[in-house]
Amino acid sequence: MKWYIMFIQFAVTCFFFFIEALFHFNIGKSNGDLDIDKIILPDRKETFLLCSSIALCAALSSIVSGVIERYLVEKDKTD
């Protein structure tokens, strides 16, 4: 897998996981009653923690996908 494809996968995963994390954050803050008009953003520390965990998981996902693709391509060449 080329590096720019891994980067695109990483960036897209981070974006959508952050949106999902914001929904979960707001559901938790509103005791399960999510109102789109009243969405709040977490403070700096919470945002940093969210982004750090999302980036770590997205990076691991991109790396593992690249390894799996490389393995499958090599396996296909030998078959």
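Biologist: Are helices α1 and α2 parallel, antiparallel, perpendicular or oblique to each other?

Modeller: This is a predicted model, in which local features need pLDDT of at least 70, side-chain atom pairs count only at pLDDT 80 or more, and totals for chains, interfaces and linings use all residues. Residues are numbered from 1 along each chain as its sequence is written, and side-chain values use heavy atoms, with hydrogens and water left out. The axes of α1 (residues 3–29) and α2 (residues 44–78) come within 8 Å and cross at roughly 140°. Angles under 35 degrees count as roughly parallel, over 145 as roughly antiparallel, 65 to 115 as roughly perpendicular and the rest as oblique, so α1 and α2 are oblique.

Biologist: Is the crossing of α1 and α2 left-handed or right-handed?

Modeller: A crossing is left-handed if the near helix is turned anticlockwise from the far one by less than a right angle, and right-handed if clockwise. For α1 and α2 the crossing is right-handed.

Biologist: How many nonpolar residues does the contact of α1 with α2 have?

Modeller: Contact (heavy atoms within 4.5 Å) involves residues of α1 including Phe-10, Phe-17 and Phe-25, and residues of α2 including Leu-50, Ile-54 and Ala-58. Ala, Val, Leu, Ile, Met, Phe, Trp, Tyr, Cys and Pro count as nonpolar, Asp, Glu, Lys and Arg as charged, and the others, Gly among them, as polar. By class, the contact has six polar residues, two charged residues and, as nonpolar residues, 14.

Biologist: Which residues meet in a salt bridge?

Modeller: A salt bridge is a side-chain nitrogen of Lys or Arg within 4 Å of a carboxyl oxygen of Asp or Glu, and a search of the whole structure finds one. With an N to O distance of 3.8 Å, the pair is Glu-74 and Lys-77.

Biologist: Is Lys-77 buried or exposed?

Modeller: Buried means under 20% relative accessible area, exposed over 50%, and partly exposed in between (1.4 Å probe, protein chains only). Glu-74, at 44%, is partly exposed. Lys-77 has a relative accessible area of 61%, so Lys-77 is exposed.

Biologist: Which residues does Asn-26 touch, not counting residues up to four places away in sequence?

Modeller: Asn-26 has its place in helix α1 and is buried, with a relative accessible area of 4%. With that sequence exclusion, the residues touched by Asn-26 are Leu-34, Lys-38, Ile-39 and Ile-40.

Conventions: Axes fitted to C-alpha atoms, helices over the stretch in contact; angles between N-to-C directions. Helix = DSSP H or I, 4+ residues; strand = E, 2+ residues; numbered from the N terminus.
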